[in-house]
Amino acid sequence: MLVLVLNSGSSSIKYQVRDVAISDDDGTKAIIAEGIVEQIGEGEVQNHSHALEIISTELVKSLGDRQIDAVGHRVVHGGERFSEPVLISNEITRAIERLNPLAPLHNPPNVLGIRAIEDKWPELPQVAVFDTAFHRTMPERAWRYAIPNYFYRNYGIRRYGFHGTSIEYVTKRAAELLDTPPGDFNAIVAHLGNGASVTAIEAGQSVDTSMGFTPLEGLVMGTRSGDLDPSILLFLQREGWSADDLDRTLNKESGLKALFGNNDMRSIVEADDEKSRLTLEIASYRLAKYIGGYHVAVSGAQAIVFTAGIGENSWQFREAVARRLAPLGVTLDDGANRAKSDESRTISTPESALAVLVVPTNEERAIAEATAALVQARNEVSTAD
């Protein structure tokens with residue numbers, strides 16, 4: 001089965017076609033085509049439908065006589081309704097649209113991608129895979145904020161968590177690496193890219209995560225502030241800052257960018273000056289605090305798992321975090337930590353109280369496999385009927 005995976009943004013569509021029948025470990029042979037169409041609505045690409053026409057033309061060159069069997073969409077916000085991937089119908093599309101207020105920058109373009117496929121290939125089955133779904137297992141003590149219930153009841157204000165598709169995939173791979181059944185696996189998974197979050201995994205499920213109502217809460221990120229005293233926002237509003245000003249500053253001008261001057265971890269560790277060292281200290285300290293807390297939340301983790309761009313590639317950041325976790329008995333194998341590899345691997349010493357792993361994420365593969373499973377199950381039911 002060939003699955004087209006779409007990640008639709010407000011001005012871009014990233015795509016990948018995967019053959020889900022190929023299960024090689026690195027997945028590279030399974031990728032038939034991939035690319036990105038950018039500047040939608042800004043130049044020659046008029047809208048998402050036009051972008052899909054461009055993608056279709058490229059796919060003809062790559063696929064030859066082969067046909068797409070299904071489309072899997074990364075949808076950022078599934079709210080409280082969606083706890084797993086779903087086959088898309090008109091009703092599901094409308095339900096995703098109703099969640100637009102919770103993710104105004106992400107869900108609307110996700111829906112545009114869905115509708116563009118409907119217009120182009122109306123008979124093609126589509127599946128929505130939600131970033132928030134994996135975190136629906138969080139207990140109320142973790143997702144509820146200590147504010148009047150009115151805000152939750154009327155506006156849906158609660159912790160949702162994000163990066164769920166990546167974290168679910170990495171959790172399963174990490175459990176396999178340690179030869180542990182997923183249902184027995186307790187771990188802490190740190191998804192560290194430009195956006196960063198850390199999740200407490202108990203018995204293979206999410207029980208807490210650092211991102212909250214939006215992806216702004218939690219760790220120090222590329223351009224996001226992470227945790228902040230809410231009174232700062234009230235103070236700045238009284239000083240004349242608008243909500244839009246604060247939104248832009250906290251999401252686009254904070255984090256590593258504010259501390260160092262840019263949001264590239266490679267530049268930070270290479271600079272090795274006072275500013276870069278302070279930036280690394282602040283970011284690693286924040287993550288180490290969360291890991292310590294989540295070690296308690298899961299009643300003792302078996303492993304700490306690093307993934308995504310920084311997590312997979314920055315041995316310096318992993319080292320800085322692990323150094324702060326020495327009181328938990330965490331020790332790294334320096335050679336294993338520094339070694340470059342695209343494979344899942346253990347980087348802790350045999351004596352380390354917790355295993356420390358690096359597990360490359362692959363959201364496209366996870367979305368493609370979830371899509372194929374749902375479509376195949378639907379086909380089997382149709383055949384039985």
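This is a predicted model: local features need pLDDT of at least 70, side-chain atom pairs count only at pLDDT 80 or more; totals for chains, interfaces and linings use all residues.
Student: How are two packed helices described?

Tutor: Two packed helices are described by the angle between their axes and the distance between the axes. Here, take helix α1 (residues 48-63) and helix α3 (residues 107-120): their axes come within 9 Å and cross at roughly 60°. That makes α1 oblique to α3, since angles of 65 to 115 degrees would count as roughly perpendicular and those under 35 degrees as roughly parallel. The crossing of α1 and α3 is right-handed.

Student: Which residues make the contact of α1 and α3?

Tutor: On the α1 side they are His-48, Ser-49, Leu-52, Glu-53 and Ser-56. On the α3 side they are Pro-109, Leu-112, Gly-113, Ala-116, Ile-117, Asp-119 and Lys-120. By class, the contact of α1 with α3 has five nonpolar, four polar and three charged residues.

Student: At what angle do α7 and α8 pack?

Tutor: Helix α7 (residues 230-238) and helix α8 (residues 243-252) pack at about 135°, and their axes are 10 Å apart. That makes α7 oblique to α8, because an angle has to be over 145 degrees to count as roughly antiparallel. The crossing of α7 and α8 is right-handed. Leu-233, Leu-236 and Gln-237 of α7 meet Ala-243, Leu-246 and Leu-250 of α8. The contact of α7 with α8 divides into five nonpolar residues, one polar and no charged ones.

Student: Now the rings. How many aromatic pairs are there in the whole structure?

Tutor: A search of the whole structure finds six. One of the pairs is Phe-82 with Phe-130, which is stacked, at 4.5 Å centre to centre and with 10° between the planes. This pair links distant parts of the chain, 48 residues apart: Phe-82 is in the loop between β4 (70-75) and β5 (86-87), and Phe-130 is in strand β6 (residues 126-130).

Student: Are Phe-82 and Phe-130 buried or exposed?

Tutor: A residue counts as buried when its relative accessible area is under 20%. Phe-82 has 4%, so Phe-82 is buried. Phe-130 has 2%, so Phe-130 is buried.

Student: What is the geometry of the pair of Trp-143 and Tyr-152?

Tutor: The ring centres of Trp-143 and Tyr-152 are 5.1 Å apart and the planes are at 45°, so the pair is tilted. Trp-143 counts as buried at 10% relative accessibility, whereas Tyr-152, at 24%, is partly exposed. Ring pairs also link Tyr-150, Phe-151 and Tyr-155 into a cluster.

Student: Where does Tyr-294 lie, and which residues does Tyr-294 touch?

Tutor: Tyr-294 lies in helix α11 (residues 274-297). With 6% relative accessibility, Tyr-294 counts as buried. Leaving out residues up to four places away in sequence, Tyr-294 touches Ile-188, Val-198, Thr-199, Ala-200, Asp-208, Thr-209 and Ser-210. Leu-219 and Tyr-294 are 75 residues apart in sequence and 13 Å apart in space, C-alpha to C-alpha.

Student: Last, the backbone. What is the phi of His-163, and what is the phi of Asp-179?

Tutor: For His-163, phi is near 65°, a positive value in a residue other than glycine. Asp-179 is not a glycine and has a positive phi of about 55°. His-163 is found in the loop between α5 (149-155) and α6 (164-177), and Asp-179 lies in the loop between α6 and β7 (187-192). At 11% relative accessibility, His-163 counts as buried, whereas Asp-179, with a relative accessible area of 70%, is exposed.

Notes:
Residues are numbered from 1 along each chain as its sequence is written. Side-chain values use heavy atoms; hydrogens and water are left out. Axes are lines fitted to C-alpha atoms, for helices over the stretch in contact, and angles run from 0 to 180 degrees between N-to-C directions. Helices (H or I, at least four residues) and strands (E, at least two) are DSSP runs, numbered from the N terminus. A crossing is left-handed if the near helix is turned anticlockwise from the far one by less than a right angle, and right-handed if clockwise. Contact means heavy atoms within 4.5 Å. Ala, Val, Leu, Ile, Met, Phe, Trp, Tyr, Cys and Pro count as nonpolar, Asp, Glu, Lys and Arg as charged, and the others, Gly among them, as polar. Buried means under 20% relative accessible area, exposed over 50%, partly exposed in between (1.4 Å probe, protein chains only). Rings of Phe, Tyr and Trp (its six-membered ring) pair if their centres lie within 6.5 Å; planes under 30 degrees apart count as stacked, over 60 as edge-to-face and the rest as tilted.
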